Amino acid sequence: MNNVDINKYAKTWYEIGRFPHRFEKKLTHVSATYQILPNGKISVLNKGYNAQNKLKQIKGIAWIPNLNESNKLKVRFFWPFAAPYWIEYLDHDYTIAIVGGPSKKYLWILADKPKIDDNTYQFLLNKAKELGYNIEKIEKVSQEKNTY
């Protein structure tokens, strides 16, 4: 997919599944909120709760380097480092998404609600596998606080 209406995408998304990484280790109730800024860039606010039920959050900025590939964003949380943020799958209604990048080292299964049904989750796992991701590495993300 190449064409994403970033104005429709800019909202709160909930992590349903992800590849494990140290920066999200043991975080639950994880969400990412995107807002279009007046300069056309996108503010990013990632939030989650750690094992002590303490809110952890980080703010960043995203942008679309090539408007012909509006699904391939760059995101920066720490200057000067920016990482690819590729929206690899998005349903027509902008309710579920798969986000990753060219290295296939990062993967997030997202939904615009904190929970999705098992059939939808399985569909997204299958789609991620088709896209070349090792779905055996995916961990489900609890949308409940204090689950440890």
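Where is the place of His29?

1. His29 sits in strand β2 (residues 28-36). Helices (H or I, at least four residues) and strands (E, at least two) are DSSP runs, numbered from the N terminus. The phi of His29 is near 50°, a positive value in a residue other than glycine. With a relative accessible area of 26%, His29 is partly exposed; buried means under 20% relative accessible area, exposed over 50%, and partly exposed in between (1.4 Å probe, protein chains only).

2. On the basis of the note: this is a predicted model, in which local features need pLDDT of at least 70, side-chain atom pairs count only at pLDDT 80 or more, and totals for chains, interfaces and linings use all residues. Residues are numbered from 1 along each chain as its sequence is written, and side-chain values use heavy atoms, with hydrogens and water left out.

3. Overall fold. The chain holds two helices and nine strands, in the order α-β-β-β-β-β-β-β-β-α-β along the sequence. The radius of gyration is 15 Å, which agrees with the value near 15 Å for a compact globule of 148 residues; the radius is taken over C-alpha atoms, and the globule rule is 2.2 Å times the number of residues to the power 0.38. The C-alpha trace spans about 40 × 30 × 25 Å along its principal axes.

4. Of the 148 residues in the chain, 39% are buried. The accessible surface is about 8,800 Å², and carbon and sulfur atoms account for 50% of this area; areas come from the Shrake-Rupley method with a 1.4 Å probe, and for residues only the protein chains shown count as cover. Taking contacts between residues at least 6 apart in sequence, 48% join residues at least 24 apart, where contact means heavy atoms within 4.5 Å.

5. Strand pairing. β3 (residues 42-49) and β4 (residues 55-63) pair in the antiparallel sense over eight bridges; two strands pair if DSSP finds at least two bridges between them. Within this pair, Val44 stands opposite Gly60. β4 also runs antiparallel to β5 (residues 72-78), to which three bridges join it, and Ala62 stands opposite Val75 in β5.

6. The β3-β4 turn. The two strands form a hairpin with five residues between them. Asn53, in the loop between β3 and β4, has a phi near 65°, a positive value in a residue other than glycine. At 31% relative accessibility, Asn53 counts as partly exposed.

7. A cis peptide. The bond from Trp79 to Pro80 is cis, with omega near 0°. Pro80 is placed in the loop between β5 and β6 (81-90). Most residues other than glycine have a negative phi, and most peptide bonds are trans.

8. Leu124. This residue lies in helix α2 and counts as buried because its relative accessibility is 0%. Leaving out residues up to four places away in sequence, Leu124 touches Tyr89, Ile96, Ile98, Ile109 and Ile116.

9. Lys115. Lys115 is found in the loop between β8 (108-111) and α2 (118-130). Lys115 is exposed, since its relative accessible area is 55%. Residues up to four places away aside, Lys115 touches Ile16 and Glu144. The C-alpha atoms of Lys115 and Val141, 26 residues apart along the chain, are 9.8 Å apart.
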